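This report looks at a helix pairing and at a set of salt bridges. The structure comes first, and the description follows.

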Amino acid sequence: MQELIISGSPHAHTTDTVNRRMWNVVIALLPSLGVALWVFGLSALWVTLVAVGACMATEWLIERYLFHRPCTLSNGSALITGLLLAFNLPNILPWWMVVIGAVVAIGIGKMSFGGLGCNIWNPALVGRVFLLLSFPAAMTTWDSAVNSGFIQAAHTGASGVDASTGATLLATLKSHGHVVDSSSVDWLTLGLGDMNGSLGEVGSIAILLGLAWMLITRVITWHIPVSVLGSAALLSWATGANPGIELLAGGLMLGAVFMATDYVTSPMTHWGQIIYGVLIGVLTIIIRRWGAYPEGVSFAILLGNSVTPLINKYCRPRRFGMRKIRKEAKA
């Protein structure tokens, strides 16, 4: 006898599933993982494996021994959290710090709210910000063997910056007051990712390939990435910075494409997504320009996650049939 399954609305009549969308995101992340391995070598692979393994183990243990419910690792959400956490970490971060970040990301950022679909903030960013606040020195120490962003003024020592110290491009921009001659930047190198930074933020072209895949497979729409990047570019131009460098440097593109677009923590309507994206883009540039940290995208996305319920409240979709009801009421 076939069991009758009853579930709450809405009911989507489609072959699309949560698992399919999650694994499409994993596929979209593969180009960025390849760039990280090319730039940083085996250390990037080690950080990624530890982050993914710790995230999956933490979720399995909590579901098995605390929630007493079937394992959901097959949907790929824990794998995505592990990948995104690794993409937000330096390649030389000690393994035990990576494990702590993974436990916080899954245990506090996700499972403490009930699991997939219930969390308020992006779990990977919860783990990343926890590590940044707990171990600021380790989270801002970079591999000196990797270039700092190919700003020629930094290489020549005109501003007292030594590229062999392992500084990131954003740190170099901070020391320059975010005012840098665009002719001193190797744009191709920035796009390919041969520079220092967190694992997943160094390859802009790879991130754009992932964005294209998610748009083609309809995992996401254009509204959040375009509004984040567009508002950040506009504000950086208005404040005298170079929009191109601001977009390619740091984790802005990674956050706009893979983390701000999280279904659970982003608004439901297109207008709400645009408001949410503009908020993240503006906050990122404000923190970069006037904040204590060179990078602000993680804090901006978490703040955007926090106001998502408010955005959903005021940007509700029109209920089906309401236009007809209003016309009949006026008549």
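## Salt bridges and a helix pair

Glu-63 is buried, with a relative accessible area of 2%. The model that gives this value is predicted. The side chain of Glu-63 meets that of Arg-69 in a salt bridge, with 3.7 Å from N to O. Arg-69 is partly exposed, at a relative accessible area of 34%.

The structure holds four salt bridges in total.

| Salt bridge | N to O distance |
|---|---|
| Arg-69 and Glu-63 | 3.7 Å |
| Glu-246 and Arg-288 | 3.0 Å |
| Arg-288 and Glu-295 | 2.9 Å |

Which residues are linked in a network of salt bridges? Glu-246, Arg-288 and Glu-295 are. Arg-288 takes part in both of the bridges involved, one with Glu-246 and one with Glu-295.

The bridge between Glu-246 and Arg-288, with its closest N and O atoms 3.0 Å apart, links distant parts of the chain. Glu-246 lies in helix H12 (residues 243–248), whereas Arg-288 lies in helix H14 (residues 270–290), and 42 residues separate the two.

Arg-288 has a relative accessibility of 0%. Glu-295 has 13%, and because buried means under 20%, Glu-295 counts as buried too.

The second topic is the packing of two helices. Helix H1 (residues 18–40) packs with helix H10 (residues 204–216) at an angle of about 165 degrees, and their axes are 8 Å apart. Because angles over 145 degrees count as roughly antiparallel, H1 is roughly antiparallel to H10. The crossing of the two helices, H1 and H10, is right-handed.

On the H1 side, the contact is made by Asn-24, Val-25, Ile-27, Ala-28, Pro-31, Ser-32 and Val-35. On the H10 side, Ala-206, Ile-207, Leu-209, Gly-210, Trp-213 and Met-214 make the contact. How many of the residues in the contact of H1 with H10 are nonpolar, polar and charged? There are 10 nonpolar and three polar residues, and no charged ones.

Definitions and conventions
Residues are numbered from 1 along each chain as its sequence is written. This is a predicted model: local features need pLDDT of at least 70, side-chain atom pairs count only at pLDDT 80 or more; totals for chains, interfaces and linings use all residues. Side-chain values use heavy atoms; hydrogens and water are left out. Axes are lines fitted to C-alpha atoms, for helices over the stretch in contact, and angles run from 0 to 180 degrees between N-to-C directions. Helices (H or I, at least four residues) and strands (E, at least two) are DSSP runs, numbered from the N terminus. Angles under 35 degrees count as roughly parallel, over 145 as roughly antiparallel, 65 to 115 as roughly perpendicular and the rest as oblique. A crossing is left-handed if the near helix is turned anticlockwise from the far one by less than a right angle, and right-handed if clockwise. Contact means heavy atoms within 4.5 Å. Ala, Val, Leu, Ile, Met, Phe, Trp, Tyr, Cys and Pro count as nonpolar, Asp, Glu, Lys and Arg as charged, and the others, Gly among them, as polar. Buried means under 20% relative accessible area, exposed over 50%, partly exposed in between (1.4 Å probe, protein chains only).
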